[in-house]
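Keep the sequence and the 3D view open while you read.

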Amino acid sequence: MSLGGHGTANDDRKYRSGRLATISTPWSSYVEAENFKNAYLGLLPLLHFTYSAINPVAVKSLMRRLACLPADLRKPLTGLDADALAKGIRIAANSGSTRNTATR
């Protein structure tokens, strides 16, 4: 962003839109750069998780599990295995990104 970027293409926008807006907004001051850094570092574990599988499998599997999405993935895509999904739920919970992480 410091080199003149004007946004991002990021599938996580469906999940953490506020923080993603912060890291997608061009900045020109130290305060804006600090806001970017803090939002980015806070999102980094979630970003690593959501890009750990073919897009959009990880983020949609997580959103479905947390009751943010009602539908299954379209074929031929399949959801994440239980261990990978559990990791995503832990990351989301640790980042304050969940409304409810109870087992469904």
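Trp27, Phe36 and Tyr40 come together as one aromatic cluster. This is a predicted model, so please read each distance and angle below as a computed value.

**The aromatic cluster**

- The structure has 2 aromatic pairs.
- In one of them, Trp27 and Phe36 sit 5.9 Å apart, centre to centre, with 35 degrees between their planes, and the pair is classed as tilted.
- Trp27 counts as partly exposed because its relative accessibility is 23%.
- Phe36 has a relative accessible area of 22%, so Phe36 is partly exposed as well.
- Tyr40, with a relative accessible area of 33%, is partly exposed.

**The salt bridge**

- How many salt bridges does the count give? The count comes to 1 salt bridge.
- The partners are Lys37 and Glu34, whose side chains meet at 3.5 Å, taken from N to O.
- Both residues lie in helix α2, 3 residues apart, which is about one turn of the helix.
- Lys37 is partly exposed, because its relative accessibility is 38%.
- Glu34 has a relative accessible area of 23%, so Glu34 falls in the partly exposed class too.

- Helix α3 spans residues 57–65 and is mostly covered, with 7 of its 9 residues buried.
- Which residues of α3 are buried? They are Val57, Ala58, Val59, Ser61, Leu62, Met63 and Arg65.
- These buried residues pack against two helices, α2 (30–50) and α4 (82–94).
- Just past the end of α3, Ala67 adopts a positive phi of about 65 degrees.

**Where α3 meets α4**

- The axes of α3 and α4 are 10 Å apart, and the two helices pack at an angle of about 70 degrees.
- The two helices, α3 and α4, are therefore roughly perpendicular to each other.
- On the α3 side, the contact involves Ser61, Leu62 and Arg65, and these meet Leu85, Gly88, Ile89 and Ala92 of α4.
- Sorted by class, the residues in this contact of α3 with α4 are 4 nonpolar, 2 polar and 1 charged.

**Where α3 meets α2**

- Helices α2 and α3 pack at an angle of about 110 degrees, with 7 Å between their axes.
- That angle makes α2 roughly perpendicular to α3, because angles of 65 to 115 degrees fall in that class.
- Helix α2 brings Leu46, Phe49 and Thr50 to the contact, while α3 brings Ala58, Val59 and Leu62.
- By class, the contact of α2 with α3 divides into 5 nonpolar residues, 1 polar and no charged.

**To take back to the 3D view**

- Leu62 is a handy place to start in α3: Leu62 is buried, is part of the contact with α4, and is part of the contact with α2.

Note on methods: Residues are numbered from 1 along each chain as its sequence is written. This is a predicted model: local features need pLDDT of at least 70, side-chain atom pairs count only at pLDDT 80 or more; totals for chains, interfaces and linings use all residues. Side-chain values use heavy atoms; hydrogens and water are left out. Buried means under 20% relative accessible area, exposed over 50%, partly exposed in between (1.4 Å probe, protein chains only). Helices (H or I, at least four residues) and strands (E, at least two) are DSSP runs, numbered from the N terminus. Contact means heavy atoms within 4.5 Å. Axes are lines fitted to C-alpha atoms, for helices over the stretch in contact, and angles run from 0 to 180 degrees between N-to-C directions. Angles under 35 degrees count as roughly parallel, over 145 as roughly antiparallel, 65 to 115 as roughly perpendicular and the rest as oblique. Ala, Val, Leu, Ile, Met, Phe, Trp, Tyr, Cys and Pro count as nonpolar, Asp, Glu, Lys and Arg as charged, and the others, Gly among them, as polar. A salt bridge is a side-chain nitrogen of Lys or Arg within 4 Å of a carboxyl oxygen of Asp or Glu. Rings of Phe, Tyr and Trp (its six-membered ring) pair if their centres lie within 6.5 Å; planes under 30 degrees apart count as stacked, over 60 as edge-to-face and the rest as tilted.
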